[in-house]
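Here are my notes on the model, one topic per point. Have the coordinates open while you read.

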Amino acid sequence: MTTHPTRTALRLLFDFVGAIEVFNLSSIDTLNPVSPQAAAITRLFLGVLVILAVIFVLVSGLVVYAIVRYRERPGSSMPRQLAGSRKLEFLWTAVPIGLLATVFVFTAKTMRAANPKKGTRPADLLVVGHQWWWEVKYLKSGVITANEIHLPVGKAVLIQLEAADVIHDFWVPQLGRKIDAIPGHTNYLWLRADRPGVYSGICAEFCGTEHAWMRFEVVVQSPEEFTAWEQAQLKIPQPPSEPEALAGMKLFNELTCVNCHRLAGTRANQTAGPDLTHLAQRRMLAGGAAVNNPQTLAEWLKDPDRIKPGSNMPNFHLSDAQVRALVAYLETTK
Amino acid sequence: MYSKAKLAMALFIASEASFFALLIVAYVFYHGQPQNGPNAADSLDIPTTTFYSLCLFSSSATLWLSERNLRRGQYDRVIAWLVATIGLGAIFLYGQGREYLRLFHNDVTISRNLFGTTFFTLTGFHGLHVLVGLCALAVVAGLVLRGLVRERQAEAVEAVGMYWHFVDAVWVVIFGIVYLGSLV
Amino acid sequence: MKGHEFTEGIAGLVGERERVGWFSHEGLLGWVASVDHKQVGLMYIVAAFVFFGLGGIEALLMRIQLAVPNNHFLSPETFNALFTMHGTTMIFFVAMPLLTGFTVYLVPLMIGARDVAFPRLNAMSFWLTLFAGLMLYFSFFAGGAPSAGWFSYTPLSEAAFSLRSGQDYWILSLIVAGIGTVAGAINIIVTVVTLRAEGMTMKRLPLFVWMNFVNAFLMLFALPVLNAALVMLLIDRQLHAHFFTPASGGSALLWQHYFWAFGHPEVYIVILPAFGMISEIIPVFSRKPIFGYEFVAASTVAIAFLSFTVWAHHMFAVGLGHIANLFFAVASMSIAVPTGVKIFNWTATMYGGQLRFTTAMKFAVAFIVMFTIGGLSGVSFAVVPIDWQLTDTYYLVAHMHYVLFGGTVLASFAGIYYWFPKFSGRLLSERLGSWHFWLTFVGLNLTFFIQHILGMMGMPRRVFTYPALPYWAAFNMLSTIGAFVLLIAMLVFLYNVVMSLRYGETAGDNPWDAWTLEWATTSPPPVENFVRIPPIHGRRPLWDLAHPELADELGKVDA
Ligand code: HEA
Ligand code: HEA
Ligand code: CUA
Ligand SMILES: [Cu+2]
């Protein structure tokens with residue numbers, strides 16, 4: 001089959017455009033908002049980008065034209081020594097001012113849309129940034145978890161944001177603005193997602209060694225699923241029956257784990273480390289440094305530094321048997 | 001024509017003002033916040049410090065007299081007033097030292113709380129500047145004494161004078177904010 | 001005063017024999033002991049390039065680490081130290097000394113002076129800067145480099161979270177450098193005010209001098225702000241005070257206000273002299289006077305004033321109120337206007353001219369376009385909600401490299417190609433220059449353009465690694481490749497400098513047929529700078545001599 005060059009070119013062009021399309025939809029989080037707040041920002045961003053692009057094309061167009069048109073040619077005479085023009089100066093002062101004034105109006109509008117007032121409403125969710133994990137507390141139901149936030153779809157949730165040590169920053173690109181979590185200074189943020197799914201978030205303020213692995217996930221569920229999840233979280237795990245897991249529970253209570261962690265139903269009730277009550281249900285480990293499964297959990301307990309070098313979880317030099325027992329126990333606390 | 005030395009000193013003073021402005025902002029910022037432990041109102045001895053402050057303020061006047069005599073070429077008076085200036089400055093520093101000792105004795109230190117932190121940093125840097133000023137004045141006095149400064153170099157001396165007046169002016173602000181401010 | 005002039009003339013003639021160039025007859029000691037503004041200027045420039053090599057190597061190491069996801073090439077601690085050192089080095093020990101080098105070399109020449117107002121103070125400024133840089137790098141051997149980022153936010157940079165003494169070296173180093181910078185700023189202002197040659201009125205100052213004059217005021221007021229903040233941090237760390245420690249009542253945010261009250265003027269401190277160079281180079285290679293001299297000069301003053309009113313645009317994510325944010329948004333957007341005035345005037349200068357694309361001109365024109373990209377992305381940050389999304393992402397890394405590399409560094413290269421003949425007496429190779437330029441241009445865009453998209457995709461800055469999300473690996477790899485293209489470009493440049501110093505074409509006094517006073521003396525200039533200063537009746541003394549019939553068309557500039 002012979003292909004016409006035009007057709008080939010067209011197909012290539014189509015593929016290219018198609019690729020852009022797919023690429024757009026799937027990968028640029030900030031252009032794929034799933035909340036009204038984020039959508040407001042995206043609209044503003046695209047609008048401003050267009051204005052900026054026009055200015056850029058104008059400036060670079062003028063420069064390129066000058067490069068081509070006014071290149072020195074042999075034998076040409078001395079150019080006119082024009083040293084300025086008040087009219088032009090006025091023009092290129094006034095036009096940018098006008099453009100910026102317009103941009104400013106939209107900026108002010110969008111600020112309100114993207115970051116609505118909190119009012120006097122109490123917060124639904126307390127999120128505390130720790131060096132290098134997120135503590136999450138549902139203030140009404142009392143559910144406590146870490147690095148994973150569940151939300152019912154379409155419902156606006158007010159987050160109260162704090163920090164335990166240094167400044168962190170809470171950011172879920174597809175859900176809107178980021179905001180700092182600052183020690184000694186409480187911030188509030190509306191979070192809402194209009195489509196079920198899992199949206200990844202990350203700490204966006206440099207907070208020390210493991211800033212890169214201070215990721216979290218927002219899991220957006222139907223209201224029923226959310227309620228079910230919440231109920232499951234509230235359940236206090238029963239002591240396991242299986243012997244290895246039982247040994248693990250004993251170990252957990254004997255080792256220093258209880259000094260840093262919380263696990264409902266045991267005497268562990270600290271916040272130096274993440275809550276472990278329903279750890280086995282969580283999707284990832286150590287702020288996204290690993291997916292959560294029995295193998296990675298074992299690796300983590302064996303040597304946290306191999307997964308997340310520099311983390312504040314000590315290496316206890318546990319024996320393989322101890323690790324197996326602990327994993328077996330933590331896996332039962334569903 | 002401009003005098004290089006005086007222009008340079010004016011610029012240096014501008015940059016110093018920028019430096020002190022931040023220390024003062026820090027003091028005022030924390031002063032406005034509730035805090036535990038000692039604060040300006042219950043730790044500072046205002047009458048005593050007023051006395052020492054007056055010494056510092058009057059040193060500006062004696063320096064001015066000294067400068068005036070320099071332009072007139074009356075060098076023995078220049079030295080006399082310079083010595084007076086240095087003396088008054090030294091009395092001020094002595095007063096500050098005593099105040100620090102008293103505060104330390106009452107366990108008010110730079111690490112005690114934010115009052116201590118901001119107070120000692122602000123007044124400490126000012127005291128350091130007074131000390132530097134005293135050294136500069138002493139050098140000038142020495143030069144005049146050995147007959148190395150005559151009307152023509154008056155500008156260099158005036159530059160040192162500007163610095164001293166500035167250090168005084170800073171104390172006016174600090175005294176006003178830290179000491180008198182604690183009364184209200 | 002006649003006698004004075006006479007001795008000066010004689011000194012000039014004697015100076016003729018011992019020109020001050022790269023190869024001084026006095027050897028190394030001559031350099032160290034020198035207080036000549038030309039030697040001090042060159043020392044600044046050379047030191048800046050050495051630090052550029054170090055900062056560049058740090059950047060390359062980071063780019064290698066980031067080339068692929070989940071990489072283990074560097075430990076997180078090392079990576080954090082690298083970007084801290086890279087940012088600190090590039091801002092304080094590359095951009096600032098590089099520009100200062102041009103300033104102290106050229107300002108006295110351009111105003112027809114023999115030296116700066118206080119030559120010994122000038123040398124002291126340089127040595128303080130160099131000493132500060134060495135102190136910063138000494139931290140590597142004294143318990144580890146600082147790793148809290150170039151703006152060292154508290155409380156992360158406090159003793160409780162940054163135990164290493166590297167943080168203290170960082171503080172001390174910047175204090176020392178800051179003192180040197182303030183001294184240098186005072187020197188430049190006094191020089192411009194008191195040492196201008198007969199006829200060199202303020203309205204006839206070359207724009208490079210104007211911008212450095214304004215810039216000196218920025219430094220004069222901004223650096224003490226940094227120094228005060230650093231002193232407080234040091235007191236916190238060493239004397240257990242509480243300025244910035246929330247655990248004992250201090251404020252985490254006060255530091256941010258302080259730092260950026262310095263930090264934003266700082267970013268203009270590292271661009272105004274670059275603007276100055278562009279304002280000299282574009283007209284010369286367009287064979288026309290600068291378009292809108294008064295407007296280019298006045299816009300500099302406007303930028304300087306505005307730059308002290310915008311600091312909290314670095315803090316939009318902090319959660320200041322809407323009112324505060326709006327104020328800083330307006331102020332930040334306003335800066336685009338005077339900057340735009342410059343961009344348009346440079347472009348207009350080219351119109352109707354006869355453009356000569358020497359390497360210097362290529363860099364200067366590329367500067368206009370690249371800086372515009374960086375400036376425009378800066379404006380997008382001034383739009384608060386966009387900042388809420390994109391602050392602290394690679395979109396920001398892209399912004400700052402377009403203004404710093406696409407701006408400051410490109411302009412400095414333009415300056416090097418333009419003034420190298422004056423510095424050394426020899427021309428740089430234009431052929432190698434062309435290679436250097438194109439490799440830089442391609443490398444720069446490859447490295448940094450793609451970072452805009454990475455940021456929009458959600459990649460935060462200062463992460464030592466990242467998960468294998470769609471396209472992240474590919475884009476980061478492209479960026480890394482770009483960084484290596486830049487490495488090749490810089491090696492070509494280095495080769496060009498080394499070869500041209502030895503074999504380059506001799507330049508003569510005025511190889512570009514330029515018109516400011518530095519071209520009225522020999523290359524390199526004698527110790528005394530000028531044997532005779534040509535009469536100054538306008539902004540372009542040498543042009544007026546050569547083309548008395550072709551005056552500036554807005555009427556002969558007189559003041
Ligand atoms: C040389 C250095 C330099 C320069 C010149 C600039 C110039 C500008 N910068 Fe940039 N900036 C940095 C270096 C610089 N910046 C650095 C290093 C950081 C990061 C610090 C860190 O966090 O590590 C930063 C960060 C930064 C932020 C904070 C982002 C954040 O942390 O969230 C913001 C926010 O407003 C900003 C804005 C601007 C603006 C509005 C300009 C303006 O001055 C730009 C003006 C220029 C133009 C706009 C182009 C030309 C104009 C026209 C063609 C006219 C028409 C234009 C319009 C009508 C729009 N910059
Ligand atoms: C003038 C300023 C400047 C310059 C020129 C550069 C140049 C470069 N920068 Fe830099 N950068 C900053 C200022 C600058 N940067 C700042 C302020 C930060 C923020 C830091 C922070 O977050 O705290 C930053 C951060 C930063 C990051 C983000 C790190 C992070 O957030 O995790 C990255 C990543 O790609 C990067 C890359 C680069 C690259 C590839 C170059 C390249 O252009 C470098 C090219 C240069 C070379 C390749 C040198 C080669 C030369 C030689 C080898 C010759 C050697 C010999 C001698 C002359 C002696 N930079
Ligand atoms: Cu927490 Cu970055
Ligand atoms: Cu800024």
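Helices here are DSSP runs of H or I with at least four residues, and they are numbered from the N terminus. Keep in mind throughout that this is a predicted model.

1. Arg287(C) isn't a glycine, yet its phi is positive, at about 60°. You'll find Arg287(C) in the loop between helix H9 (272-286) and helix H10 (293-307) of chain C. Its relative accessibility is 2%, and the cut-off for buried is under 20%, so Arg287(C) counts as buried.

2. Ala286(A), another residue other than glycine, has a positive phi near 55°. The loop that holds Ala286(A) runs between strand S11 (284-285) and strand S12 (290-291) of chain A. With a relative accessible area of 16%, Ala286(A) is buried.

3. The peptide bond from Thr154(C) to Pro155(C) is cis, with omega near -5°. Pro155(C) sits in the loop between helix H5 (119-138) and helix H6 (166-194) of chain C. The bond from Ser523(C) to Pro524(C) is also cis, and there omega is near -15°. Pro524(C) belongs to the loop between H16 and helix H17 (541-546) of chain C.

4. Now for the metals. Which residues are the protein donors of the iron atom of ligand 2? They are His86(C) and His401(C), each through NE2, lying 2.0 Å from the iron. His86(C) comes from helix H4 (residues 76-110) of chain C and His401(C) from helix H14 (residues 394-424) of chain C, so this pair links parts of the chain that are 315 residues apart.

5. For reference, the ideal angles for six octahedral donors are 90 or 180 degrees.

6. The iron atom of ligand 1 is another matter. Its only protein donor is His399(C), through NE2 at 2.2 Å. His399(C) is in helix H14 of chain C, the helix where His401(C) is found. The copper ion (ligand 4) and the iron atom of ligand 1 are 4.6 Å apart.

7. Back in chain A, have a look at strand S4 (residues 148-152). Five of its five residues are buried. Side chains in a regular strand alternate between the two faces of the sheet. In S4(A), Glu148(A), His150(A) and Pro152(A) are on one side, Ile149(A) and Leu151(A) are on the other, and both faces are covered. S4(A) pairs with strand S10 (residues 215-221) of chain A in the parallel sense, over five bridges. Within S10(A), Gln221(A) is the bridge partner of Pro152(A).

8. Last, a surface feature. Phe484(C), Leu487(C), Leu491(C), Leu494(C) and Val498(C) make a nonpolar surface patch of about 410 Å². One of them, Leu491(C), is in helix H16 (residues 472-503) of chain C. The relative accessible area of Leu491(C) is 48%, which means that this residue is partly exposed.

Definitions and conventions: Residues are numbered from 1 along each chain as its sequence is written. Chains are lettered from A and ligands numbered from 1 in the order in which they are written. This is a predicted model: local features need pLDDT of at least 70, side-chain atom pairs count only at pLDDT 80 or more; totals for chains, interfaces and linings use all residues. Side-chain values use heavy atoms; hydrogens and water are left out. Donors are N, O and S atoms within 2.8 Å of the metal (3.2 Å for Na, K and Ca); water is not among the atoms, so sites may look incomplete. Helices (H or I, at least four residues) and strands (E, at least two) are DSSP runs, numbered from the N terminus. Patches are made of residues with over 30% relative accessible area and no salt bridge: like charges are joined within 9 Å, nonpolar side chains (Val, Leu, Ile, Met, Phe, Trp, Tyr) within 5 Å. Accessible areas come from the Shrake-Rupley method with a 1.4 Å probe; for residues, only the protein chains shown count as cover. A salt bridge is a side-chain nitrogen of Lys or Arg within 4 Å of a carboxyl oxygen of Asp or Glu. Buried means under 20% relative accessible area, exposed over 50%, partly exposed in between (1.4 Å probe, protein chains only). Two strands pair if DSSP finds at least two bridges between them.
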